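Please open the model in your viewer and keep a selection panel at hand. The stops below can be followed in order.

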Amino acid sequence: MYKVLLVDDEPFAIEGLQLLIDWRKFGFEINGVCTNGEEAVEAIRTSKPDLVVTDIHMPAMNGLELIEEARRLGHDSTMFVITSGYSDFNYARQAIRLGVSNYLTKPVDTMEADDMLERLAQELKEKQEREVVREQAKVQETRHVLATLVTGQEVEDAEQMAHDIAHLYEQAQKWTYVKVRFQRADSGQIRSVIHETVSREPCCYVVENEQDACGIVWGEVSLELETWQGKDHRDFAERLLSDLNEVVPDGVQFAVGLPVQQPEALSLSRSMAVETERFLFLHQGNLLFAEDLQEQRLRFNPESLREVDFIMEHLENGSPEQLSLSIREAFHQFVMNKTAPEFVHIFMTQILFRGFSLCKELGGETKDLLLDTAFHSDDRYHWNIEKSASMMEKFCLKCQAVASSLRQKQLGGTQAMVAEYLQAHFRETFTIKELAERFFMHPVHLGQSFMRKYGKGVLDMVHDLRIEEAMRLLRDSDDASCAIAEQVGYKSYQHFLKQFERRTGLKPAEYRLKHAK
């Protein structure tokens, strides 16, 4: 709604304007009423109405003097309508000079008022649209200037740039670069929240956009408004982080550069934010300020690469507990020594490749090992030191288990492969002859060698596996015994009962009752 201020020293005239004109029909609402020009000047200054309807003839300060004073005070966008019962060319000429082109005669004619308000509403709408376009152009221009300063780009028009920078000095007293990093999968939601938050700030611009990051320049405005007192770059970063966490909990990282007083120094603030972002890798939280680092420096320590040999020794010959301890100790030292994230990534890459090589040498599939440990995912670039240690530990333990299994297969030869096949296919029906053909062996030789290695025949192992699965189903499900017999591979229920009682000493119903939860 457009705000309207009514000014007239006659109460009946004010009442007539309020009652006879349908203001809301055209998008107007009466925001205030004044009985003299001096009072109206103060109301215009504080409430900034879109339209002022004023009588010409008032004591102390008439309507034209009111308009002239409002223009002198800078209220050029305020529209004025004058009302009077007089028809005087001198008044009209002065009103035109002051930018007044709308006139209502007393008493008010409602049709005349409706025509005027319809015309004024259209003018205000067009003016607002032009203002929005101008404001957007101004924002784009400021964003371009800040992006140039942030990246240190050369400019063709140095004189224009000097003029733009001078304007920046008027906007804010300090400037800070804020780097926000996030996962690509969440970029749409995150960018939406960022732009919404930035648009509410009096001096804040998104100046850089990448696939998984954006750069923001925040200006500390020199306003004396109570609502902005005490708000600085730390407050802004914490508020934006809070807004983003509501959408994507723990899905963003903030690195905040040093505040600078000169816009020309914004490239320094940005470089400090980039350096601070590297420290985030060693940091427990998602927000870090450059001024909190107290001139700390990240280090490269080639001696730490010796730990790769130590960890691989535990991976090949040690226990899982020893392996986990060695990995945790290595990453603890990275934190204590403030090791650069690039060096930690080199360390991790060496272990990855050596682990892959080990499994490949033993005949394993390295791609499955990589998928299981999630090192292939894009979000690995957003891990901190703790998550990196956890993923490295998971990979190494998985690699150790795979290597151990592969070695056992090599030691066991064909019989081990047959046993592995039985564990996966015990529910199926096959003969010793069919099994021997699958592994290119004579049936007799397969049966004898399998008995020597495992102390039981192939069919006995199949029955053991089936009955073990049946016992689990009896404990964990309500399925009938006959249904379970079929599930584990028996076509004859009587055959199932015979094998079950032979191995458990109980009937299925007795076993279920005994082990009921």
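Which residues does Asp55 touch, not counting residues up to four places away in sequence? Select Asp55 and the residues that it touches, Val7, Asp8, Asp9, Gly63, Thr83, Ser84 and Lys106, where contact means heavy atoms within 4.5 Å. Before going further, note that this is a predicted model in which local features need pLDDT of at least 70 and side-chain atom pairs count only at pLDDT 80 or more, whereas totals for chains, interfaces and linings use all residues. Residues are numbered from 1 along each chain as its sequence is written, and side-chain values use heavy atoms, with hydrogens and water left out.

Staying on Asp55, you will find that this residue lies in strand S3 (residues 51–55); helices (H or I, at least four residues) and strands (E, at least two) are DSSP runs numbered from the N terminus. Asp55 is buried, because its relative accessible area is 3% (buried means under 20%, exposed over 50%, partly exposed in between, with a 1.4 Å probe and protein chains only). An unreviewed UniProt entry lists Asp55 for "modified residue: 4-aspartylphosphate"; UniProt positions follow the numbering used here, feature names are shortened, and annotations may be inferred rather than shown by experiment.

Next, select Thr83, which is found in strand S4 (residues 79–84) and is buried, with a relative accessible area of 3%. Leaving aside neighbours within four places in sequence, the contacts of Thr83 include Asp8, Asp55 and Lys106.

Now colour residues 110–145, which the unreviewed UniProt entry lists for "coiled-coil region". The span is 100% helix and 0% strand, and its end C-alpha atoms lie 51 Å apart.

Move on to helix H11 (residues 320–336) and helix H12 (residues 341–361), whose axes come within 11 Å and cross at roughly 165°; axes are lines fitted to C-alpha atoms, for helices over the stretch in contact, and angles run from 0 to 180 degrees between N-to-C directions. H11 and H12 are therefore roughly antiparallel to each other, a term used for angles over 145 degrees. To display the contact, select Ala330, Phe331 and Phe334 of H11 together with Phe343, Val344, Phe347 and Met348 of H12.

Finally, go to Ala401 in helix H14 (residues 385–425), which is partly exposed, with a relative accessible area of 46%.

Technical notes: Angles under 35 degrees count as roughly parallel, over 145 as roughly antiparallel, 65 to 115 as roughly perpendicular and the rest as oblique.
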